[in-house]
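This report covers a chain-to-chain interface, a helix pair, salt bridges and some backbone features. The structure is shown first.

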2 protein chains.
Amino acid sequence: MANAPVQRMSQLMAKTLRDDPADAEVLSHKLLVRAGYVRRTAAGIWTWLPLGKKVLANVERVVREEMDAIGAQEVLLPALLPREPYEATGRWDEYGPELFRLQDRKGGDYLLGPTHEEIFTLMVKDQASSYKDLPVILYQIQSKYRDEARPRAGILRGREFLMKDSYSFDLEDEGLAKSYALHRQAYQRVFERLGLDYRICAATAGAMGGSKSEEFLAPAEAGEDTFADCPNCDFAANTEAIAYELKPVDAAGVPAAEEIPTPDTPTIETLAASLGVEASATLKNLLVKVDGEIVAVGVPGDREVDMGKVEAHFAPAAVEMVTEADFMARPDLVRGYVGPQGLGKVKYVADPRVAPGTAWITGANKADTHAKNVVAGRDFEVDEYVDVVVVQEGDPCPACGTGLRLDRAIEIGHIFQLGRKYADALKLDVLGQNGKPVRVTMGSYGIGVSRAVAALAEQTADDKGLCWPAEVAPADVHVVAAGKALQTELALDVSEKLSAAGLRVLVDDRPGVSPGVKFTDSELIGVPRILVAGRRAAEGVVELKDRRTGEREELTVDEAVARLTA
Amino acid sequence: MANAPVQRMSQLMAKTLRDDPADAEVLSHKLLVRAGYVRRTAAGIWTWLPLGKKVLANVERVVREEMDAIGAQEVLLPALLPREPYEATGRWDEYGPELFRLQDRKGGDYLLGPTHEEIFTLMVKDQASSYKDLPVILYQIQSKYRDEARPRAGILRGREFLMKDSYSFDLEDEGLAKSYALHRQAYQRVFERLGLDYRICAATAGAMGGSKSEEFLAPAEAGEDTFADCPNCDFAANTEAIAYELKPVDAAGVPAAEEIPTPDTPTIETLAASLGVEASATLKNLLVKVDGEIVAVGVPGDREVDMGKVEAHFAPAAVEMVTEADFMARPDLVRGYVGPQGLGKVKYVADPRVAPGTAWITGANKADTHAKNVVAGRDFEVDEYVDVVVVQEGDPCPACGTGLRLDRAIEIGHIFQLGRKYADALKLDVLGQNGKPVRVTMGSYGIGVSRAVAALAEQTADDKGLCWPAEVAPADVHVVAAGKALQTELALDVSEKLSAAGLRVLVDDRPGVSPGVKFTDSELIGVPRILVAGRRAAEGVVELKDRRTGEREELTVDEAVARLTA
């Protein structure tokens with residue numbers, strides 16, 4: 001391949017900004033806009049300017065190389081997809097408002113692909129007929145669409161975004177486990193090459209269905225996920241995937257349940273204060289509607305309900321909070337004083353901390369009244385145990401019991417063992433060795449390519465601006481002409497030399513821009529190595545600066561070229 | 001970059017078919033499906049299988065390299081676009097049903113980008129503020145969407161397709177001419193490297209607006225465009241862009257117009273036969289509705305009206321044919337006997353062949369009656385001269401008068417000097433050297449990347465199958481193991497050697513597939529060089545075959561490797 005031409009900033013479409021954009025909340029959003037990498041086209045919809053496109057292409061290349069290395073075959077599917085296959089798997093409805101739906105000129109229903117399990121399944125159904133055609137791993141790198149309710153955080157959570165999605169097809173569970181392991185290794189290599197700090201965490205499967213699933217999380221302030229890791233063992237998991245173990249206790253010594261008057265205690269705080277107990281001694285009962293039907297969710301009074309866990313548990317059913325109107329319609333449900341011992345036919349889901357035998361202070365289903373010594377399994381039945389609480393710093397590690405640490409993170413990759421959900425819905429069989437049809441088992445795997453750019457920006461930026469790892473930087477070296485004609489001439493000359501040696505060069509040759517502005521911009525743009533033609537240009541001496549450490553060194557042009565191309 | 005791993009056909013997702021798909025009309029559609037390059041996902045919506053994706057990526061790479069070489073900067077815009085900018089330029093409506101429109105969850109209007117003039121204009125408005133920031137050429141390679149009424153011909157005319165679109169921004173007309181010339185040269189290099197036979201033809205601007213425009217047409221049976229070229233000079237043009245010169249003649253000797261009874265002659269053929277004249281002596285008047293208003297279009301009786309030219313002339317107004325109901329509502333318009341001399345206030349548009357002074361036999365605006373000696377400019381006025389006839393084989397070359405040849409072709413590229421249409425609509429100014437705002441002038445340029453793959457297939461295929469030029473082929477060499485274990489071992493061994501030498505290798509190692517089927521498939525798939533490990537494998541002798549010429553030669557493995565890597 002030919003060497004990339006030297007990119008002159010005097011011609012580059014990359015206007016840097018002194019101030020953060022008004023709508024930017026997170027670091028990567030601020031810096032990628034300020035440094036001229038991206039611009040907003042509409043809510044959650046972004047344009048990649050030349051510098052941003054280069055970084056994006058670098059991430060794409062690394063992902064492609066590592067996918068090719070595990071024998072995955074690259075394909076390209078349409079983004080505009082017909083309704084029928086998504087109808088067959090139920091996802092046309094399940095996706096809800098997150099799915100962009102549209103009609104063509106003939107009134108046919110289409111969607112913009114959020115992920116492509118259905119179409120890949122049909123592709124393999126068309127292409128593979130025998131056990132000899134499997135296993136196979138297929139991937140694509142393509143724009144995906146999700147109509148997020150609150151697109152935020154710049155390119156971290158857009159409505160159109162670039163993703164690598166891949167799908168494995170195997171005859172047996174062991175094959176699936178192997179395809180899964182191949183992906184896990186490939187992802188590790190990808191994120192290592194990109195220079196991302198990441199953790200592999202156990203995850204819930206979410207809307208994908210299926211069984212085993214892990215997330216690759218990049219710790220960052222701006223992340224929307226919270227993960228827990230153990231300071232003692234190697235346990236790490238998305239907090240949504242942590243489930244407390246159910247440990248029944250003996251309730252033999254607990255006196256009978258008893259009502260207690262508790263006027264003006266509609267909240268846990270007021271109740272605990274009025275009774276002089278810890279909030280953890282009380283049982284909080286949250287009412288939600290699951291596909292319109294009321295369900296009560298019980299958790300200890302000191303814990304918050306994680307609605308993500310509740311939604312994941314009931315998916316694909318829709319979960320809503322109850323409203324004023326629901327209480328009006330159900331006078332048996334006394335707001336602020338609900339207790340599981342008087343719920344009648346209302347389904348009761350409880351956290352495992354509300355284990356059989358545990359005793360609680362809870363609502364008595366009467367205004368201004370609670371009950372104490374209300375024992376799970378004695379005074380009320382739990383229809384279903386589900387861990388639905390928000391994990392807290394210091395909660396015991398499920399593996400070793402040590403107090404967990406919590407951190408925010410960005411989900412940059414996700415691997416799933418889907419199993420046969422899609423193969424069942426779309427009847428994907430191949431002929432087995434014995435001549436009988438075998439239902440295929442699948443995996444589905446994603447890397448957020450555009451999101452990885454934002455995650456890298458988040459993790460590597462410093463107070464001066466972006467600071468890219470070499471593998472993804474938009475150039476190998478940023479040459480700055482700090483001065484007049486003499487400096488510009490030297491800068492362009494050394495740029496050509498570096499380009500001829502195979503380096504990707506960005507040169508700041510902007511006329512009429514002060515050295516100070518150029519230095520500031522070079523730090524904002526974040527190419528790892530900066531070469532300045534300045535004060536000693538007449539002697540052929542340049543300054544080589546490390547963007548991260550700030551270390552600088554004066555060198556002759558020949559020395560600098562030798563150093564940079566070493 | 002690392003060498004590409006050897007691609008084994010035993011693992012490749014590329015099922016070849018013996019028969020043409022039932023819905024396929026054109027050669028490229030048949031062969032690309034049969035050879036396992038593409039599959040239909042929905043009407044006009046295609047999936048690129050691994051072999052197809054490789055060819056597509058090769059075309060993309062060539063386009064990218066040549067765009068970079070003219071200093072164009074690559075960006076990536078969203079495909080999902082907000083309505084407002086397209087509303088501002090009028091294209092939200094003008095596009096009609098060809099535009100995919102949709103709403104997001106909040107009811108906001110969006111479209112799937114058919115081309116991106118508006119968004120690029122806004123990007124430059126955001127990024128460029130001074131004359132110093134121009135000229136600039138920006139490009140992207142991206143999926144585009146057009147809801148074709150009759151998606152046909154496989155990937156030749158899809159509803160989702162891959163396109164390189166670029167846009168130039170200049171201060172002055174001379175700058176635009178230069179950006180246009182740069183694109184013209186880059187396109188020539190692209191199509192030459194791809195191995196496409198093409199012509200550069202003058203074109204109408206169509207729905208883009210603007211002035212100068214040329215098409216790159218690849219002659220092919222399956223093409224939807226017709227172009228004319230001159231066997232004598234270098235004139236070549238899309239037939240829609242050919243305009244006959246207006247040549248007034250002297251009508252002094254023509255007698256006064258006179259009605260003649262012509263019962264039962266509602267068509268030109270019956271009229272000419274009944275009067276014993278050539279159809280070319282008669283004047284045919286077609287009625288159309290332009291945005292609902294009736295317009296008459298006059299052409300010589302022996303010529304067909306080219307509705308594409310009529311529509312292009314009146315665009316963005318909508319052109320429809322008149323209906324029975326229209327005639328009922330307007331008894332002054334006598335069906336089959338319309339003549340321009342009695343049209344009253346109906347606008348009359350005529351072909352330049354109906355020049356001032358020419359005399360015609362035409363309708364007398366009475367049933368069963370025509371008029372003769374009806375002279376243009378004497379007996380009726382032409383409101384507007386527009387060449388609207390279908391160009392015919394043998395029509396005079398506008399440059400030298402020689403009879404033109406006509407051919408079918410596929411439009412693979414299009415370059416436009418747009419001028420200030422979009423800059424005016426979106427108010428794109430930069431500060432000029434004198435400190436005053438200057439309105440920017442633009443060009444817009446497209447290459448159909450996916451369509452180029454189909455055009456290449458059309459032009460290079462032979463009766464055995466696809467036959468790719470080296471630059472775009474999915475592999476450099478197709479190794480065939482024609483035999484048992486011995487042959488397979490040798491094939492895999494030589495494949496590794498070729499791969500280590502940097503070649504892209506496809507090896508047919510499918511067990512249990514006969515040599516005959518493998519040979520047929522290798523010819524269908526169309527890699528330019530085929531290396532067979534067969535009869536003389538035990539001696540380490542292989543056969544090297546040229547896919548196009550069929551020439552074959554026996555060589556030792558070392559000789560074959562040396563030859564292929566030379």
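Predicted model: local features only at pLDDT ≥ 70, side-chain atom pairs only at ≥ 80, totals over all residues.

The side of chain A that touches chain B is made up of 32 nonpolar, eight polar and 18 charged residues.

The rule also finds six salt bridges across the interface of chain A and chain B. A salt bridge joins B:Arg159 to A:Asp104, and the closest N and O atoms of this pair are 2.9 Å apart.

## Extent of the interface

Chain A contributes 58 residues to the contact, and chain B contributes 58 residues. Between the two chains an area of about 5000 Å² is buried. Carbon and sulfur atoms give 59% of that area.

Three residues supply 16% of the area that chain A buries against chain B: A:Met13, A:Arg105 and A:Gln127.

## Helices H12 and H14 of chain A

Within chain A, helix H12 (residues 485–500) and helix H14 (residues 557–565) have axes that come within 10 Å of each other. These axes cross at roughly 35°, and the crossing of H12(A) and H14(A) is right-handed.

On the H12(A) side, the contact is made by A:Leu490, A:Val494, A:Lys497 and A:Leu498. On the H14(A) side, A:Val557, A:Val561, A:Leu564 and A:Thr565 take part. By class, the residues of this contact of H12(A) with H14(A) are six nonpolar, one polar and one charged.

## Salt bridges over all chains

Over all chains, the structure holds 99 salt bridges. One of these pairs A:Glu214 with A:Arg184, with the closest N and O atoms 2.9 Å apart.

## Backbone features

Which form does the peptide bond from A:Leu134 to A:Pro135 take? The bond is cis, with omega near 0°. A:Pro135 belongs to the loop between helix H5 (117–127) and strand E8 (136–145) of chain A. In chain B, the peptide bond from B:Leu134 to B:Pro135 is cis, with omega near 0°, and B:Pro135 is found in the loop between helix H5 (117–127) and strand E8 (136–145) of that chain.

A:Asp368 is a residue other than glycine with a positive phi, near 55°. Its place is the loop between strand E19 (359–366) and strand E20 (369–375) of chain A.

Terms used: Residues numbered from 1 in each chain as written. Chains lettered and ligands numbered in written order. Heavy atoms only, no water. Contact = heavy atoms within 4.5 Å. Buried area = accessible area lost by both parts, 1.4 Å probe. Salt bridge = Lys/Arg side-chain N within 4 Å of Asp/Glu carboxyl O. Nonpolar A, V, L, I, M, F, W, Y, C, P; charged D, E, K, R; others polar. Axes fitted to C-alpha atoms, helices over the stretch in contact; angles between N-to-C directions. Helix = DSSP H or I, 4+ residues; strand = E, 2+ residues; numbered from the N terminus. Left-handed = near helix turned anticlockwise from the far one by under 90°.
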